[in-house]
Amino acid sequence: MAGMNELILVVDDEPKIVKQARDYLERSGYRVLEASDGKTALAQARHERPDLVVLDLNLPGMDGLDVCRALRRESDVPIIM
C-alpha cells in the first residue's frame, strides 16, 4: 500500500472519470487533488506540488498538451496522459 504522503493531481473535465480515479487512488492510500481545466491544474500543481499528475488531453480552454508543456518548463513531476 502506498504511503499517505503521495499526492496525485487528477485533471479531467468529466466528473465521473475524476470520481472513479479519486475513489481508486484513495482506496490505494494516495491523497488526491482534482482539477477540471488547465488553468486550475497549473495553479494546483504550482501550489500543492503533487508527486504525479494524471492529465486528460481534451480539456476546455487550455488543453492537456499545453498544460504538460507549462508543467515541464517548471517541474519534472511525472505526468501520465
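Biologist: Why does leucine 65 count as partly exposed?
Modeller: In this predicted model, the relative accessibility of leucine 65 is 41%. Buried means under 20% and exposed means over 50%, with partly exposed in between. The value of 41% falls in between, so leucine 65 counts as partly exposed.

Biologist: Where is leucine 65 found?
Modeller: Leucine 65 is in helix α3, which covers residues 64–74.

Biologist: Which residues form a nonpolar patch on the surface?
Modeller: They are Leu57, Leu65 and Met81, and together they have about 260 Å² of accessible area. A patch takes residues with over 30% relative accessible area. Leucine 65, at 41%, passes that cut-off.

Biologist: What makes glutamate 26 and arginine 22 a salt bridge?
Modeller: Their closest N and O atoms are 2.3 Å apart. The cut-off is within 4 Å, so the pair qualifies as a salt bridge. Side chains of opposite charge can pair when their charged atoms come close.

Biologist: Why are glutamate 26 and arginine 22 separated by about one helical turn?
Modeller: Both belong to helix α1 (residues 15–27), where they are 4 residues apart; therefore about one helical turn separates them.

Biologist: What does the relative accessibility say about glutamate 26, and about arginine 22?
Modeller: Glutamate 26 has 37% and arginine 22 has 22%. Partly exposed lies between buried, under 20%, and exposed, over 50%. Glutamate 26 therefore counts as partly exposed, and arginine 22 also counts as partly exposed.

Biologist: What do the side chains of glutamate 34 and arginine 22 meet in?
Modeller: They meet in a salt bridge, with 2.3 Å from N to O. This pair links distant parts of the chain, with glutamate 34 in strand β2 (residues 31–35) and arginine 22 in helix α1, 12 residues apart. Glutamate 34 has 33% relative accessibility and so counts as partly exposed.

Biologist: Which residues are linked in a network of salt bridges?
Modeller: Arg22, Glu26 and Glu34 are linked in this way. Arginine 22 takes part in the bridge with glutamate 26 and in the bridge with glutamate 34.

Biologist: How do you know that arginine 69 forms a salt bridge with aspartate 66?
Modeller: The closest N and O atoms of arginine 69 and aspartate 66 are 3.2 Å apart. That is within 4 Å, so the pair meets the cut-off. The two residues are 3 residues apart in helix α3, which means about one helical turn between them. Arginine 69 is partly exposed at 47%, and aspartate 66 is partly exposed at 33%.

Biologist: How many salt bridges does the structure hold?
Modeller: The structure holds 5 salt bridges.

Biologist: Why is strand β1 largely enclosed by the rest of the structure?
Modeller: In strand β1 (residues 7–11), 5 of the 5 residues are buried, so the strand is largely enclosed. Both faces are covered: Leu7, Leu9 and Val11 lie on one side, Ile8 and Val10 on the other.

Biologist: How do you know that β1 pairs with β2, and with β3?
Modeller: Two strands pair if there are at least two bridges between them. β1 and β2 have 5 bridges and run parallel. In β2, leucine 33 is the bridge partner of leucine 9. β1 and strand β3 (residues 52–55) have 4 bridges, also in the parallel sense. Here valine 11 stands opposite leucine 55.

Biologist: What makes β3 and β4 a pair?
Modeller: They have 2 bridges in the parallel sense. The cut-off is at least two, so 2 bridges are enough. Valine 53 stands opposite isoleucine 79 in β4.

Biologist: What order do the strands of the open sheet have, and why are β2 and β4 called edge strands?
Modeller: The 4 strands have the order β2-β1-β3-β4, with parallel pairing. β2 and β4 (79–80) are the edge strands: each pairs on one side only.

Biologist: What do β1, α1 and β2 make?
Modeller: They make a right-handed β-α-β unit. Glutamate 14 has its place in the loop between β1 and α1. With a relative accessible area of 44%, glutamate 14 is partly exposed.

Biologist: How far does α1 reach from its first C-alpha to its last?
Modeller: α1 has 13 residues and reaches 18 Å, close to the 18 Å expected at 1.5 Å a residue. After α1 comes glycine 29, which has a positive phi near 100°.

Terms used. Residues numbered from 1 in each chain as written. Predicted model: local features only at pLDDT ≥ 70, side-chain atom pairs only at ≥ 80, totals over all residues. Heavy atoms only, no water. Patch = residues over 30% accessible without salt bridge, like charges linked within 9 Å, V, L, I, M, F, W, Y side chains within 5 Å. Areas by Shrake-Rupley, 256 points an atom, 1.4 Å probe, with all protein chains shown as cover. Buried < 20%, exposed > 50% of the residue type's maximum accessible area, 1.4 Å probe, protein only. Right-handed = clockwise from strand over helix to strand, strands pointing away. Expected span 1.5 Å × (residues − 1).
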